[in-house]
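Dear colleague,

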Amino acid sequence: MKTIQLLQFLLFLVYGADAFYYYSTTGEKKCFQKELSKGTLLKGVYNVEFYDEKTKSYYKPNANDITVMIDVVEIFDDNHRVVHQKGAPQSEFTFIALDSGEHNICLQTQVKSWSSKPSVKVDINFEVGYESDLDSKSSSKVKVLHQKVNQLVAHVESIRREQRLMRDREAAFRDLSEIVNSRATWWAMITVVVLCITGAWQMKHLGSFFVKQKVL
């Protein structure tokens with residue numbers, strides 16, 4: 001039991017995730033400190049929402065309404081900035097620590113309209129681990145999606161086979177119906193011809209009979 005707990009603790013040190021959210025106003029910078037070892041990869045996924053005073057609720061802004069500035073500085077190296085990039089309201093960023101020590105990860109929301117500074121809610125998730133760990137996690141997601149796509153393709157192929165079978169059955173039924181209708185038509189025509197011949201013969205026979213009986 002102690003061995004299992006020790007392994008779980010070591011895995012936690014190798015890979016960890018931290019998800020939370022905070023409230024602020026646009027233009028305000030929020031920073032978070034992370035102790036990272038050299039070669040560690042940090043991935044941040046964030047989502048920014050505006051607050052609507054009328055509905056008293058948050059909504060997703062358009063990409064043209066707001067941008068997010070992302071800065072990462074090395075506190076241990078006289079606040080040396082290693083990342084400075086601009087992102088969309090819903091996006092992610094990654095970087096690899098070049099040296100071990102405290103890192104400051106800062107996010108600042110900026111709106112293009114200087115007349116208003118709406119309140120915002122920022123959901124953020126930090127994933128810390130080695131690049132191979134995060135890549136394997138992404139590859140496993142891709143593998144699951146690939147399996148689902150294969151299942152959908154197989155299901156579509158099954159539907160196509162059923163449709164082809166139904167079309168073949170409909171074609172066979174249509175051919176059989178045409179043959180039956182054709183035979184019924186010919187049988188009706190033959191019946192009419194036989195009746196006509198029979199009627200003519202009977203009329204001729206009756207005429208001869210009446211002549212013999214001197215009726216006509």
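R164 is partly exposed, its relative accessible area being 38%, where partly exposed covers the range between buried, under 20%, and exposed, over 50%, with a 1.4 Å probe and protein chains only. Its salt-bridge partner is E157, with the closest N and O atoms 3.7 Å apart, and E157 is likewise partly exposed at 31%. A salt bridge here is a side-chain nitrogen of Lys or Arg within 4 Å of a carboxyl oxygen of Asp or Glu, and by this rule there are six. Among them, salt bridges with shared partners tie K29, D71 and R81 into one network.

This is a predicted model, in which local features need pLDDT of at least 70 and side-chain atom pairs count only at pLDDT 80 or more, while totals for chains, interfaces and linings use all residues. Residues are numbered from 1 along each chain as its sequence is written, and side-chain values use heavy atoms, with hydrogens and water left out.

E53 and K56, both exposed, form a salt bridge at 3.6 Å from N to O. K43 and E92 form another, with their closest N and O atoms 3.9 Å apart; this pair links distant parts of the chain, as K43 lies in strand β3 (residues 41–52) and E92 in strand β7 (residues 90–96), 49 residues apart.

Antiparallel pairing between β2 and β8 (residues 101–111) runs over eight bridges, and F32 stands opposite I105 in β8.

Best regards

Definitions and conventions
Pairing = 2+ DSSP bridges. Helix = DSSP H or I, 4+ residues; strand = E, 2+ residues; numbered from the N terminus.
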